[in-house]
Amino acid sequence: MFRSTVAKFSSWAIALLVAAIFSCTADHVQGQDSLPQQVFKAQQSLGQWLGEGKKRQGWDDYLQSDTLLTQIQLGDKASPEVLEKILLQYQSNAPGLKLPQFVLVQTKLANWIEAIDVEKKPVAEIFADAQSQFQPVTAEQAAAAKSKLEAAIGLLEKYIHNSGSATEQGWKSYLRWDDLTQQLAAESPDLGMLERCYLRFHSGAKGLEYPQFANVRRALRRYIDLQFFASTEQYKEMYEMQLGLLVESLKKYTEDPNADDAAAVGAQLGWLAQGGQIPELVKSARDSLNYPNLFVTASERFVGYGIDRKVDDTKPVRDNILGTSIYGTGRTVGDLKINLIPNAAAAQVQLVLDAVTRTNNVGRNGPVTVHSSGVTSVLGKKSLLVDANGVSDTRATADCRTSSTFNSIRANSGLVRNIATNKAYQQKSQAEAIASQHAEQRVASRMDAETVQLVRDANTRLRKEIRQPLDSRDEFPEIFEISSTTDAVHVVMMKANRFQLAAPTLPPAPAPSSTDIGVQLHESMPTNMGEVLLGGIKLTDVKLVELLKERGTEVPEELQITPEKDPWSITFDYQRPVEVRFGQDRIEISIRGRQFTRGESEFNNPARISAVYLVERGEKGAKLTREGDVTVEYLSRERQGIRDITLKTFLHKKFEALFEPEIVGEGLKLKGRWEGAGPLQLEELVVSDGWATLGWVMPVKKTANKDLASGANSVK
């Protein structure tokens, strides 16, 4: 289970990056630059001026360029203290820092620091006077929320009705439509039943990401919350109690950030948000407490591997220049490569076609036939901008230069031939200019046409693998920022809904720039994502075996399904169903189940199953060695009987098989366009203080080996 859980999240994170490489909208490059973007542009201009090599690397190290890039990506969550330290480097007396390229960065950085509000109260203190700010939830507010819900339901019903009777009945059955409408018609609705209806809308089923379903889901959540608080007589007392608990939890958490206190703070802030209490203070607290919990970097070499290719294409030539009909064959030979363009608001990937086309042509104009050959230099460019919203592209441009040679000019008489020859040479420059223009149009059109499928595939993958599972639950990451420098694509993410906290700090240090893929993962990311995707899900023994086989994992004997073994299942808890903790060279992973079955028996005593692994670098990947036995503990303090003890022994055997004693990684294996780039070898592995930093490198001798002579997927 540990292998499959970690593999699933790692695959999701890398898939996110790969999909992001082709996901873009052009809106980000328009409008006035923010202060962080101004710093970014100045920094990138400096980098281009410095060029490549040891000189550039020396300045990057001295000026902490990687750290500054991370702060730029954080935007308004950047640390003034970190920025001040970087500014001091620019203001030092190192030779060269008085040059205008360095001074520009220094000036923009100083302006940004000045604009940041550094006077922040300790987060617990912002709630000091909040006791008097309680706002009751009225029956009128609940009624207004109900009206909005009913309107959204009406629109959804029309939408699914237009999809056909079978689809309509299927959706209504799945969404417990009768229960929902019955409770809304009741004078005193059963909120427990409405909550069960809400869970269907929040299940992640395909289709629930569409606006008609999302509007009902959000309106239903709002109505349940307001109806609960409006009908609770002791709401004010509950508010005061929660506020007191929050202040105490915040004091402990800020002194010693840990997963247990983070869960408590997140739950208390979420409870306040449900009732719309002190929204400004809740937002201020979350802004102060939350930092991004996932950083991913992909080198230009890695990005290019999935796109770079040789172009070798022979195709017919058809044209008309100055009244002469031309036909023949042309062979285009060259390279399609990428350049990463610095962009703080999106990753900008520029496709560059650098090729030469050689043609052998026959031209006919009346009685004259011209045999010629031509050489055209081709430089085509097309940009993709990358963010989380989808895939789009800019129109391709091309710069072509044609040079032609007349091999023979024939006509039905010598006089006509002489006249045609003189005219051909007189018009040669004009004809070459026209041919160059036509070539530019063809190259640009071909690049546009050839990237249609690329963009469509990226959109499909983004929607299917990333957006749909999260959008159908309204759980897309709260921060998803993508940027590019000349040498890498950078992704910064934060997942923490209103009941969760993200990372309490930034990563201890940037991932090494020498790696092709770098990942810095805080323990809160897999824990929070697990809660979103697995909370309340039932996993049967049959489904577990299917998942292991899908991932190419051998099914342990204890988990194999035979007639002699009792069928069993686990239903994950809604809170922290999977929890990961990163200690010093150690990883603890826990699974929380709220219900278990064995044979015909059902057990409703929540339990936590966990294992601890020692982490170290192996020959190609990470090596994880389990420390001690798998532990199974009931979360209830009630005394366990024989039946519970028997189940505990049963679960221990099953999860001993899932949490393998030793896991040896064989490198990072990818699929699709990047499959040939791997397996990437693990170069960096640091696990400490809630963070895991990993870096993989592509094998040195690996190069893209793609037969593109037939050119089905090439840009010609």
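Visitor: What percentage of the 716 residues in the protein chain is made up of buried residues?

Guide: This is a predicted model, in which local features need pLDDT of at least 70 and side-chain atom pairs count only at pLDDT 80 or more, while totals for chains, interfaces and linings use all residues. Residues are numbered from 1 along each chain as its sequence is written, and side-chain values use heavy atoms, with hydrogens and water left out. Buried means under 20% relative accessible area, against over 50% for exposed and partly exposed in between, with a 1.4 Å probe and protein chains only. On that basis, the buried share of the 716 residues in the protein chain is 49%.

Visitor: In what order do the strands of the open sheet of 5 strands stand?

Guide: Strands (E, at least two residues) and helices (H or I, at least four) are DSSP runs numbered from the N terminus, and two strands pair if DSSP finds at least two bridges between them. The pairing in this open sheet is antiparallel, and the order of its 5 strands is β2-β3-β4-β5-β6.

Visitor: Which strands stand at the edges, each with a single partner strand?

Guide: A strand with a single partner has one side left without a neighbour in the sheet, and so it is with β2 (309-321) and β6 (397-410).

Visitor: Over how many bridges do β3 and β4 pair?

Guide: One of the residue pairs involved is L340 with its bridge partner V349 in β4. Strand β3 covers residues 324-341 and strand β4 covers residues 347-365, and their antiparallel pairing extends over 17 bridges.

Visitor: Which helix packs on the sheet, touching β2, β3, β4, β5 and β6?

Guide: Contact means heavy atoms within 4.5 Å, and angles run from 0 to 180 degrees between N-to-C directions of axes fitted to C-alpha atoms, for helices over the stretch in contact. Helix α16 (residues 414-426) lies across β5 (368-386) and β6, running at about 160° to β6. The helix that touches β2, β3, β4, β5 and β6, with its direction at about 130° to that of β6, spans residues 428-471 and is α17.

Visitor: Is R626 buried or exposed?

Guide: R626 has its place in strand β16 (residues 622-634). Because its relative accessibility is 14%, R626 counts as buried.

Visitor: Which residue has a side chain joined to that of R626 by a polar contact of 2.8 Å?

Guide: Not counting residues up to four places away in sequence, R626 touches several residues, among them Y613, F659 and P661. A polar contact is a pair of N or O atoms within 3.5 Å, where within protein one must be able to donate a hydrogen and the other to accept it, and residues adjacent in sequence count only if both atoms are side-chain atoms. The side chain joined to that of R626 at 2.8 Å belongs to E656.
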